[in-house]
Amino acid sequence: MNEFALLLAATLNAGTALALAGLGLLINERSGIINLGAEGLMLVAAIAGFATAVHTGSDVAAFAAGAGAGALLAAIFGVLVIWLNTNQYATGLALSMFGTGFSAFVGTGFTQARLSERFKLHIPGLSDLPFVGPALFRHHPLVYLTIALAIFLAWFLYRSRAGLILRAVGESPESAHALGYPVRRIRLLAVVVGGALCGVAGAYLSVIYTPLWVEGMVSGRGWIALALTTFATWRPARVLVGAYLFGGVTMLQFYLQGEGVQLPSQWLTMLPYLATILVLVLISRNPTWIRVNMPASLGKPFSPGQ
């Protein structure tokens, strides 16, 4: 029972970074912009957050640095694809490659650095409960803030005027522009906010989840977060569920190894990515379902004069 509680706790921990990145990308895509550079963006934010944590010892400063790095790169991406109408897919891939190389270069001096034990929330009366306490109530505050963020985004998108405008920009930018809404500025704001959330996810990986810096440590989570938005049909609550599902699959490999399951380690390491491919294959069997839920202008450029 204790082992299962630890597995559940590890699932929440592993799923947090995926949830944050997935929610950020969902905001991007709800505005009609798809950012394939999430992997590189998270890597740059991871080294920015880790370096800040090493020098300041503050988690808050580290997350702020990660969010700032993510927002800056996302803003550059946004200007290129929104104002200069560059291809969103090619620009995103270029951002991913840039982030991978830049983070490896900058992070060379931090490969031997280690952070001290990070702060975890202790809730009197709850954290000490058997099974439930270690499973649910002994995590970093960002774990709980991520859940709150998913709830807030669900309300924002479907119950607020600003959320309705954001979805309108993603569904029909021409109609939104005809009504007087600044489509390009709304899209840029969505891209920057989404990039900041991806940045916090990258900083969480290097400061809380590991905590250390290793070249390429994001390990495909940016791509999994992209898949999550499709898996969740662009709904925040489903992004959260999907993130914990993939987080659980990631942790399952370590649980099986600890239980002595005789499987090649390479197969266990592949589990999260195999699960991602399997989910996408199953979803793709019903293209109508995806088309109904997907923002109509996703990946398409917009020019006010068109």
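This is a predicted model: local features need pLDDT of at least 70, side-chain atom pairs count only at pLDDT 80 or more; totals for chains, interfaces and linings use all residues.

Student: Which residues line the largest cavity?

Tutor: The lining is made up of Ile 33, Val 81, Ile 82, Asn 85, Gln 88, Arg 187, Lys 300, Pro 301 and Phe 302. Sorted by class, the lining of the largest cavity has five nonpolar, two polar and two charged residues.

Student: Asn 85 is on that list, so please tell me where Asn 85 lies and what its phi is.

Tutor: The general idea comes first: most residues other than glycine have a negative phi, and most peptide bonds are trans. Asn 85, which lies in the loop between α3 (59-83) and α4, has a positive phi of about 55° although it is not a glycine.

Student: Which peptide bond is cis?

Tutor: The bond from Thr 210 to Pro 211 is cis, with omega near -25°, and Pro 211 has its place in the loop between α9 (183-209) and α10.

Student: Now I would like to turn to helix packing. At what angle do α2 and α4 pack, and how far apart are their axes?

Tutor: To read a packed pair, one looks at the angle, the axis distance, the handedness and the residues that meet. Helix α4 covers residues 88-106, and α2 packs with α4 at an angle of about 25°, their axes being 6 Å apart. Angles under 35 degrees count as roughly parallel, and α2 and α4 are therefore roughly parallel to each other. Their crossing is left-handed.

Student: Which residues of α2 and α4 meet?

Tutor: On the α2 side they are Glu 39, Gly 40, Leu 41, Leu 43, Val 44 and Ile 47, and these meet Leu 95, Ser 96, Gly 99, Thr 100, Phe 102, Ser 103 and Val 106 in α4. By class, this contact of α2 with α4 holds seven nonpolar, five polar and one charged residue.

Student: How do α2 and α9 pack?

Tutor: Here the angle is about 55°, and the axes of α2 and α9 lie 7 Å apart. That angle makes α2 oblique to α9, and α2 passes α9 in a right-handed crossing. The α2 residues in the contact include Leu 41, Met 42 and Phe 50, while those of α9 include Cys 198, Leu 205 and Val 207. The contact of α2 with α9 divides into eleven nonpolar, five polar and no charged residues.

Student: What are the angle and the axis distance for α2 and α10?

Tutor: Helix α2 (residues 38-56) and helix α10 (residues 221-231) pack at an angle of about 130°, with axes 7 Å apart. This makes α2 oblique to α10, and the crossing in which α2 passes α10 is right-handed. In this contact, Ala 38, Glu 39 and Met 42 of α2 meet Arg 221, Gly 222 and Trp 223 of α10. By class, the contact of α2 with α10 has three nonpolar, one polar and two charged residues.

Conventions:
Residues are numbered from 1 along each chain as its sequence is written. Side-chain values use heavy atoms; hydrogens and water are left out. On a 1 Å grid over the protein atoms alone, a cavity is a set of points where a 1.4 Å probe fits but cannot get out, and a pocket is an open set with protein on both sides within 12 Å along at least five of seven lines; lining residues have an atom within 4 Å of a point. Ala, Val, Leu, Ile, Met, Phe, Trp, Tyr, Cys and Pro count as nonpolar, Asp, Glu, Lys and Arg as charged, and the others, Gly among them, as polar. Axes are lines fitted to C-alpha atoms, for helices over the stretch in contact, and angles run from 0 to 180 degrees between N-to-C directions. Helices (H or I, at least four residues) and strands (E, at least two) are DSSP runs, numbered from the N terminus. Angles under 35 degrees count as roughly parallel, over 145 as roughly antiparallel, 65 to 115 as roughly perpendicular and the rest as oblique. A crossing is left-handed if the near helix is turned anticlockwise from the far one by less than a right angle, and right-handed if clockwise. Contact means heavy atoms within 4.5 Å.
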